[in-house]
Protein chains: 2
Amino acid sequence: MTDASGPAGGRRTTLADVAARAGVSVPLVSIVMRDAPGASAATRERVRRAAEELGYRPDLRARLLRRSRSRLIGVVFGVQHPFHGDLVSGLYTASDPAGYELALSAVTPGRDERRAVASLLQDRCEALILLGPQLPTSDLAELAARMPVVVVARAVRSRAVDVVRTDDAAGLHLAVDHLVELGHTRIAHVDGGRAPGAAERRRGYREALRGHRLDAEERVLPGGLTEDEGAAAARTLLAAAPRPTAVTVFNDRCATGVLDVLRRGGLSVPRDLSVVGFDDSSLARLSHVALTTVAQDTDRLTALAVARATARLEDTAPASEREQVVPPHLVVRATTAPPRG
Amino acid sequence: MTDASGPAGGRRTTLADVAARAGVSVPLVSIVMRDAPGASAATRERVRRAAEELGYRPDLRARLLRRSRSRLIGVVFGVQHPFHGDLVSGLYTASDPAGYELALSAVTPGRDERRAVASLLQDRCEALILLGPQLPTSDLAELAARMPVVVVARAVRSRAVDVVRTDDAAGLHLAVDHLVELGHTRIAHVDGGRAPGAAERRRGYREALRGHRLDAEERVLPGGLTEDEGAAAARTLLAAAPRPTAVTVFNDRCATGVLDVLRRGGLSVPRDLSVVGFDDSSLARLSHVALTTVAQDTDRLTALAVARATARLEDTAPASEREQVVPPHLVVRATTAPPRG
DNA sequence: CTGAAAGCGCTAACAT
DNA sequence: ATGTTAGCGCTTTCAG
């Protein structure tokens, strides 16, 4: 148990209190607390116990103020987006061994990216990792002039910022190749509109069809990021004649909407129509959904993002490529099968 | 445009730099930057321009170190949980006008609540808001001895911590009353197990049935928080004889799984079976899902949580009730209808 | 191995 | 209205 007999007057416990209790100087306590070299084993033990007894907690802010470096990486993420949740998890695990702390700043309906970034700047972050930012390229470039900026899951033209993203086009090649191998020829694509990655995925779909000499079958349906937009696309699909036998969809959420409407329309998936999603989100993994999908390698994306940020900060490595593209892989589940007949 | 001619050597711009440029003393600049009284309009203008030209940003950490108060509220949330996203949004909007900053700390598969809390303590948060924490009550009480702790969306026995939560039992009363009004008598409940709120909702379901003299029809099926668990419960439901004509479900995610399996099992919702969810999450609002559900008032929950935390910090108000319970309301959509026949 | 002194960037208390 | 002094809690010299 920790003991309440700390400093008087409800003040918080400081290094000085620990030093007094252990009968040593303040800097020595600092050394012990940081596991830095320069203290005898006996002293270490004594200081440790004193700190324990007082329930001492180091003050990160004071520590950072004194240190030249803050070892703090700011992360801007969308609180609504489930995929960002996966990325944040990965960022924590990647930053920890690298010796960096994360400062999270959320984008919400009432708090735009600019505010999210501004608060991180005040916190003295040394670098910024932005997840799927919508900020204009010019703003990103301006930021990047001030500090290392790594954009995850969005392509950016500017030379100034680092980018780590999935090879979206390759993802659609995987999906289309899989369907063609199963024997499909009439393969449609439900598009993501202006969403990050949508243009690449659309391009991948087109390229892949051409690669299989199926140019004539190209069919891109307007869609979006959400279930509702998928549902709308599925209605178009139901009405189409001849109907495609397979469809690749911008993401899993949208694919879920597609599945729902198809089945309610009386079609059997995958018997009548095969469906491939994108993201391998938790949605896709649900046993009763069992969606075949293109998986993004979130662990790798986040490891690279942190590695890039820290490399910039520590001036190691000649910064290889400005843009790092991570290959996705296909997860085959139960929504794809050979076409009927 | 900001000008790069700040301090030499890539150091960051400080108050001293601004003071030098404006030809005034450091504290005066501080006064101007904080909009504190004690500077002439002319000086203000001059200092403002100097700061602007140098691209000066105040250092929050230094500021907080110097101030006795940090005006920082720590928030622990689950990065996986969509509902927490809504709550975080609300917390930002509530804390801003109160003059408090938020420090976010995520719980992820690789980062438990203890670590999340520890990092916030180091950040010198003055109070903690925990969203649906799984931490044992004893830990919560120990924390609460140290600083104000507000638990949101979970009932806690300990007298030490403040609680703000939805009246879960009342929510199930609303759901059951609605179904009874439609004419249902065989109403089952898919349970949430040990999830926060599950016990209350189960109790509300039981009370409501008894209120309608339907004790004999009581039927609680094991479920959980996820679609998969709902799917499993639905399979039990399909096999039951006589089959209930309506079912209340622990939350919307779980209800989605229920819906999916019911429909694939050949039942029509709501013709053959009515379904009511809980949370009014974005899932429920999807046009093709259109789930009747019990909505939690997130704005009110978050406003109360912040109000409670700040009241504790500022010693205002005699802390009214330790537990504040917010009434939910029913959102009727397309998954409920009178029973057949 | 240990202690004394200085200072990170800022703000509060006192002077003027 | 403005400047001077001191110190938040910590780490980094530099002496001993």
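Trainee: How far is a base nitrogen of DNA strand C from an N or O atom in the side chain of R66(A)?

Mentor: This is a predicted model, where local features need pLDDT of at least 70, side-chain atom pairs count only at pLDDT 80 or more, and totals for chains, interfaces and linings use all residues. Residues are numbered from 1 along each chain as its sequence is written, chains are lettered from A and ligands numbered from 1 in the order in which they are written, and side-chain values use heavy atoms, with hydrogens and water left out. The pair in R66(A) is a polar contact (N or O atoms within 3.5 Å; within protein, one must be able to donate a hydrogen and the other to accept it, and residues adjacent in sequence count only if both atoms are side-chain atoms). The base nitrogen of DNA strand C and the side-chain atom of R66(A) are separated by 2.3 Å.

Trainee: Which residues come nearest to DNA strand C?

Mentor: A residue is near the strand if one of its heavy atoms lies within 4 Å of it. There are 23 residues around DNA strand C. Those that come nearest are R66(A), L15(B), S30(B), Y56(B) and R63(B).

Trainee: What do Y56(B) and R63(B) have 2.5 Å from a polar side-chain atom?

Mentor: Y56(B) places a polar side-chain atom 2.5 Å from DNA strand C.

Trainee: What share of the atoms of DNA strand C within 4 Å of the protein belongs to sugar or phosphate?

Mentor: Bases make up the rest of those atoms. Sugar or phosphate accounts for 68%.

Trainee: Which helices each supply at least two residues of the surface near DNA strand C?

Mentor: Helices here are DSSP runs (H or I, at least four residues), strands are E runs of at least two, and both are numbered from the N terminus. Both chains contribute. The helices are helix 2 (26-33) and helix 4 of chain A, with helix 2 (26-33) and helix 4 (60-66) of chain B.

Trainee: What area is buried between chain A and chain B?

Mentor: Contact (heavy atoms within 4.5 Å) takes 46 residues from chain A and 47 residues from chain B. In chain A, R61(A), R124(A) and H288(A) lose the most area to chain B, together 19% of what that side buries. Carbon and sulfur atoms give 50% of the buried area. That area (accessible area, 1.4 Å probe, lost on putting two parts together, summed over both) is about 4400 Å².

Trainee: How many salt bridges are there between chain A and chain B?

Mentor: The criterion is a side-chain nitrogen of Lys or Arg within 4 Å of a carboxyl oxygen of Asp or Glu. R115(A) and D96(B) form one, with the closest N and O atoms 3.5 Å apart. The count is four.

Trainee: Which element gives the largest share of the side of chain A that touches chain B?

Mentor: Several elements each supply at least two residues, including strand 1 (72-78), helix 5 (82-98) and strand 2 (101-107). The largest share is six residues. The source is helix 5 of chain A.

Trainee: Why is one side of strand 7 and of strand 12 of chain A left without a neighbour in the sheet?

Mentor: The open sheet of six strands has mixed pairing and the order 7-6-8-9-10-12 (chain A). Two strands pair if DSSP finds at least two bridges between them. Strand 7 (220-221) and strand 12 (329-331) stand at the edges, so each has a single partner strand.

Trainee: Which residue stands opposite V190(A)?

Mentor: Strand 6 (residues 187-190) and strand 7 of chain A run parallel, joined by two bridges. The residue in strand 7 is L221(A).
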